[in-house]
Protein chains: 2
Amino acid sequence: MARPRTFDESVVLEAAAAQFRVHGFADTSTEQLCEAADVRRSSLYNAFTSKDELFVRALDHYASTMRARQESILTDTSLSGAERLRKLIDAIIEEERVARAEGHAAGCMGVHTLMNPGLRARDERIARILDRDLRERLGLLEDTIRAGRADGSVPDGPPAGEGALLINTIISGIRVAAQTGVTPDILHRIALDGLRSLLG
Amino acid sequence: MARPRTFDESVVLEAAAAQFRVHGFADTSTEQLCEAADVRRSSLYNAFTSKDELFVRALDHYASTMRARQESILTDTSLSGAERLRKLIDAIIEEERVARAEGHAAGCMGVHTLMNPGLRARDERIARILDRDLRERLGLLEDTIRAGRADGSVPDGPPAGEGALLINTIISGIRVAAQTGVTPDILHRIALDGLRSLLG
DNA sequence: GCCTTTCTGTATTTCAGAATCCAAAACTTG
DNA sequence: CAAGTTTTGGATTCTGAAATACAGAAAGGC
């Protein structure tokens, strides 16, 4: 009954996330966002009321898709617990490899946002999104560690909850290290070194 | 021969660093900086030509003092290599504990800056400061691991260079995890779990 | 005690970039 | 195919914050 949008909302969100990820919130202008998404300014403002709002939506979208990707690895019952964890690490290193190939050494929008306190202050939804994302990912990791202990692929070690935190910490550390130019294959070895208490 | 400054430059740099660390570069106004340092705007601009410049100087100052602190731990020959590494971890956790007590969960200006690509783009000196800081810290860590292997306190494991990267990665990960509200004592356990391949 | 230099405080300017406005276009449906 | 509604493009306005200007004050040397 009315003119339909010519752009796909989630495509815009992904383009926006890519910009925010590479340049950060403050250093991404609305013009850049328009250009990246190939959408005119009024369309953007019409669909997403403000830059802040667009950021929140982009972050949410980004966190969901990323998490879904990790979830599909960690719940793949055709693999042992340990294999799933290793595969997760592989996938993360692969992300960094791709980012590297694309020029920007930029890792993860989640870590970026987390390390930018001003952003969280800007909208309480941001903290909520990050919190929820963290909780869900930790839960998945914990379940996988437990599954690995049950199927015998993961040796005894720290409690599963603590192990989940360890994996998450290592992943964050890897994201940071990637920014300093460490090559993906070295990142991979470091990740496995760090997980020795879990994976042996 | 002329009126001397009433403020101490390094005190201003420390106050500025504290603000930048807690609020981030973009979300710290020059007014906040003046207030935090208790210096009037013109004095600030007179001493440090711009907000950007002040940031660079503050970062440099911050990195140097932080590094010196770590260096004094890592070169304390009254301790074994392993003891020095453990003490470094203790010191970092302690920093997070203090930050936590002060309200802001904020960790490290270095990691903040590293994870904010727009900042590095703003001034090439920033990348230089971070690079140099990283190189020096990795060197110290590597030396300490070697010393620990020589004195028998650090068991065989990954090559010293890789070990240094691991420690650094864990520290970064801890800085990030601290932002999510993990308590200092849990952070401590995670750090030691992650260093198992080095410290046993 | 005067003179030079640098500092201080406030008011003002400037500017980048976010957000709004409006007229025209595009599409759907009855 | 006409009506009604939403989208679109471009120009414009608005805003917040960085930076500057300038007058007056404070210190030190001579």
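On helix 2 of chain A in this predicted model, A:Glu31 and A:Glu35 are exposed on one side. The other side of the helix, which spans residues 30–37, carries the buried residues A:Thr30, A:Leu33, A:Cys34 and A:Ala37. Viewed down the helix axis, these buried residues fall within an arc of 100°, so they line one face of helix 2 of chain A. Their packing partners in chain A are helix 1 (9–23), helix 3 (41–47) and helix 4 (51–74). After helix 2 of chain A comes A:Asp38, which has a positive phi, near 55°.

**Chain A as a whole**

Chain A contains 11 helices and zero strands. Along the sequence the pattern reads α-α-α-α-α-α-α-α-α-α-α. The chain has 200 residues, of which 53% count as buried. Taken along the principal axes, its C-alpha atoms fill a box of roughly 60 × 40 × 30 Å. Among the contacts in chain A between residues at least 6 apart in sequence, 66% join residues at least 24 apart.

A:Asn168 counts as buried because its relative accessibility is 11%, and the cut-off for burial is under 20%. With neighbours within four places in sequence left aside, A:Asn168 is in contact with A:Leu134, A:Arg137, A:Leu138 and A:Leu141. A:Leu138 is 30 residues away from A:Asn168 along the chain, yet their C-alpha atoms are separated by 7.4 Å.

Two packed helices are described by the angle between their axes and the distance between the axes.

| Helix pair | Axes come within | Crossing angle |
|---|---|---|
| Helix 4 (residues 51–74) and helix 8 (residues 124–150) of chain B | 10 Å | roughly 5° |
| Helix 1 (residues 9–23) and helix 4 of chain B | 8 Å | roughly 95° |

The second pairing makes helix 1 of chain B roughly perpendicular to helix 4 of chain B. Helix 1 of chain B contributes B:Glu9, B:Ser10, B:Leu13, B:Glu14, B:Ala16, B:Ala17, B:Phe20 and B:Arg21 to this contact, while helix 4 of chain B contributes B:Lys51, B:Leu54, B:Phe55, B:Arg57, B:Ala58, B:His61 and B:Tyr62. By class, the contact of helix 1 with helix 4 of chain B comprises eight nonpolar, two polar and five charged residues.

Helix 4 of chain B and helix 8 of chain B, by contrast, are roughly parallel to each other, because angles under 35 degrees count as roughly parallel. The residues of their contact divide into 10 nonpolar, two polar and nine charged.

Beyond its neighbours within four places in sequence, B:Arg67 is in contact with B:Arg132, B:Asp133, B:Glu136 and B:Arg137.

**The relation between the two chains**

Chain B can be laid on chain A with an RMSD of 0.0 Å by a turn of 180° and a shift of 0.0 Å along the axis. The two copies are thus related as by a two-fold rotation axis. B:Gly173 comes closest to the rotation axis among the residues of chain B, with its C-alpha at 1.9 Å. Of the interface residues of chain B, 100% are also interface residues in chain A, so the copies meet through the same surface.

Helix 10 of chain B (residues 184–194) has contacts that span both chains. Its buried residues are B:Pro184, B:Leu187, B:Ile190, B:Ala191, B:Asp193 and B:Gly194. They pack against helix 9 (160–179), helix 10 (184–194) and helix 11 (196–199) of chain A, and also against helix 5 (81–101), helix 9 (160–179) and helix 11 (196–199) of chain B.

B:Leu166, in helix 9 of chain B, is buried, with a relative accessible area of 1%. Apart from neighbours within four places in sequence, B:Leu166 is in contact with A:Ile190, A:Asp193 and A:Gly194 of chain A, and with B:Gly194, B:Leu195, B:Ser197 and B:Leu198 of chain B. B:Leu166 and B:Leu187 are 21 residues apart in sequence, and their C-alpha atoms are 16 Å apart in space.

Definitions and conventions. Residues are numbered from 1 along each chain as its sequence is written. Chains are lettered from A and ligands numbered from 1 in the order in which they are written. This is a predicted model: local features need pLDDT of at least 70, side-chain atom pairs count only at pLDDT 80 or more; totals for chains, interfaces and linings use all residues. Side-chain values use heavy atoms; hydrogens and water are left out. Buried means under 20% relative accessible area, exposed over 50%, partly exposed in between (1.4 Å probe, protein chains only). Helices (H or I, at least four residues) and strands (E, at least two) are DSSP runs, numbered from the N terminus. The arc is that of the directions from the helix axis to the C-beta atoms. Contact means heavy atoms within 4.5 Å. Copies are superposed by least squares on the C-alpha atoms of residues with pLDDT of at least 70 in both. Axes are lines fitted to C-alpha atoms, for helices over the stretch in contact, and angles run from 0 to 180 degrees between N-to-C directions. Angles under 35 degrees count as roughly parallel, over 145 as roughly antiparallel, 65 to 115 as roughly perpendicular and the rest as oblique. Ala, Val, Leu, Ile, Met, Phe, Trp, Tyr, Cys and Pro count as nonpolar, Asp, Glu, Lys and Arg as charged, and the others, Gly among them, as polar.
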